[in-house]
Every structure is written in C-alpha cells, then in structure tokens.
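Here are some exercises on a protein and its ligands. Try each task yourself before you read the solution.

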Amino acid sequence: MSKVIIMDHPLIKHKISLLRDENTGTRDFRILVEEIAMLMGYEALRDLPTELVSVKSPVAESMQPMLCGRKLAVVPILRAGLGMVNGILALVPSAKVGHIGLYRDEVTHEPHEYYCKLPENIDERLVILPDPMLATGGSAIQAVDFIKAKGCTNIKFMCIIAAPEGLEALKNAHPDIDIYVGNLDDHLNDAAYIVPGLGDAGDRIFGTK
Ligand code: PRP
Ligand code: URA
C-alpha cells in the first residue's frame, strides 16, 4: 500500500493557512508555495541513501556520510507544479527537471495531456512529482501512469493540499508510490474544487485570474 505522509509541522501549517487567504496576492503566494515545497521536500527526501566517504577536515581525516545512489528528477505537473520546483531544487540543486503538461477540463474534470519532456535515463531516477493540488486525483494518476510507462519505479508525489477523494483514488491507482500531503482538506465541491482549499492554484501562482 502507498506510504502516505501528512505534514504536521507548524511552519507548514501556518504557511498553508496564509496560502488559503483570498487576500494573499500573487507575489506572496509564489513565495509561500516555494517555501512549503522546500519544507515538504526536506521530509520527502528523508530516506535518500548515503555512503561513508573520506573527508579531511583541518583537524583530521574521517569517514563521513554523503548522498549516493540513484539520481533525482523533479517533474512538476504544469502549470501549478512549477511553483514548487525551486523549493525542491534549493535542497538538491543538481536534480534534473522534467515537465508534464496536464490541464483539467472544466466540465468533465478529466485531465488532458499537452506537453511532456523528461530528463534522460528517467527510469534510473528517483522521481519527485510536485503539484500543489490533489482534487479528484485524475491529473496525478495520469502523470504517474505516464512516468511508470517510461520505466520509473521510484516515485514520490508531493501536494500541498489534498481532498480525501483524490488521495483515495491515487492510493488505489498507484499503491506502490509514496504520497506527501501538506494538508488533507474536507471534501470536493460540485465543481471538483477542494473545500476549503485555496482556489485555483495555477491562477493564483501565475496571476491569470
Ligand atoms: C490543477 C492542479 C492539478 C489538478 C488537480 O491544475 O494543479 O494539476 O488541477 O485536479 P484533479 O486532481 O481533479 O486532476 P489545472 O488542471 O487547473 O491546470 P493548471 O495547473 O494549468 O492551472
Ligand atoms: N485545482 C485547483 O487548482 N484547485 C482545486 O481546488 C482543484 C483543482
């Protein structure tokens, strides 16, 4: 079964509350999304493997832990996932970045793919898939389907706000991935928006409405 980790850090909770506020403008919204992504990334990357290597300090040489093993790729789901990329890259600056473009049809709420570009050897990488919102789960499920079809087996999905409906759907569709959630909200409304949520994440990040 999927490992689901719901954040309980007060800094993340506080910043998500600020994000929700309808008076938070584009500039602050962007900064907050990036900060939350970094704080969540710290948790999501907790199990990165390390190996002992020799390090010579001014005082003595000793064996010390350094990151090793599979390389990372951050693959945001466009558009809104883009807002989380720099927060994650602040922790792992050498990670490669891919993009999956999906938009949700306003009437059917079904995801449609319009763009995809992934780093080389994506199947050998740990793939972090950020998207601020997990609503019906359709977009996340399709993005993971796509990444898996490229041979990826080590996938972590990261969202700032999830609806219970979307979380359940993603867990059922992809029981083998890890899911990191900033906050689990109450429900979806008739327009498949998360309640209380924060509105349209893409529009609020890019100021398009
Ligand atoms: C939003 C959000 C997710 C998706 C979630 O994107 O960023 O990708 O909706 O909804 P779902 O779980 O019901 O699929 P949207 O389709 O609005 O595109 P955008 O990021 O370009 O605004
Ligand atoms: N996409 C968003 O940006 N917000 C929601 O509440 C649902 C889907």
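**Exercise 1.** Find which atoms of Asp131, Ala135 and Thr136 come close to ligand 1.

*Step 1.* Start with Asp131: a polar atom of its side chain lies 2.4 Å from an oxygen atom of ligand 1. This is a polar contact (a pair of N or O atoms within 3.5 Å).

*Step 2.* Go on to Thr136, where an N or O atom of the side chain is 2.6 Å from an oxygen atom of ligand 1. For Ala135 it is a backbone N or O atom, and the distance to a ligand 1 oxygen is 2.9 Å.

*Step 3.* Now look at the cover: alone, ligand 1 exposes 500 Å², and the protein buries 91% of that (accessible areas by the Shrake-Rupley method with a 1.4 Å probe).

A word on the model: it is predicted, so local features need pLDDT of at least 70 and side-chain atom pairs count only at pLDDT 80 or more, while totals for chains, interfaces and linings use all residues. Residues are numbered from 1 along each chain as its sequence is written, chains are lettered from A and ligands numbered from 1 in the order written, and side-chain values use heavy atoms, without hydrogens and water.

**Exercise 2.** Describe the shell around ligand 1.

*Step 1.* Sort the shell by class: 6 residues are nonpolar, 5 polar and 4 charged. Here Asp, Glu, Lys and Arg count as charged, Ala, Val, Leu, Ile, Met, Phe, Trp, Tyr, Cys and Pro as nonpolar, and the others, Gly among them, as polar.

**Exercise 3.** Which residues surround ligand 2, and which of their backbone atoms make polar contacts with it?

*Step 1.* List the neighbours: Arg104, Met133, Ala135, Ala192, Tyr193, Ile194, Gly199, Asp200 and Ala201. They divide into 6 nonpolar, 1 polar and 2 charged residues.

*Step 2.* Check the backbone. An N or O atom of the Ile194 backbone is 2.8 Å from a ligand 2 oxygen, and a polar backbone atom of Ala201 is 2.8 Å from an oxygen of ligand 2. For Gly199, a polar backbone atom lies 2.8 Å from a nitrogen atom of the ligand.

*Step 3.* Finish with the cover: ligand 2 taken alone exposes 230 Å², of which the protein buries 89%.

Key: A residue is near a molecule or strand if one of its heavy atoms lies within 4 Å of it. A polar contact is a pair of N or O atoms within 3.5 Å; within protein, one must be able to donate a hydrogen and the other to accept it, and residues adjacent in sequence count only if both atoms are side-chain atoms.
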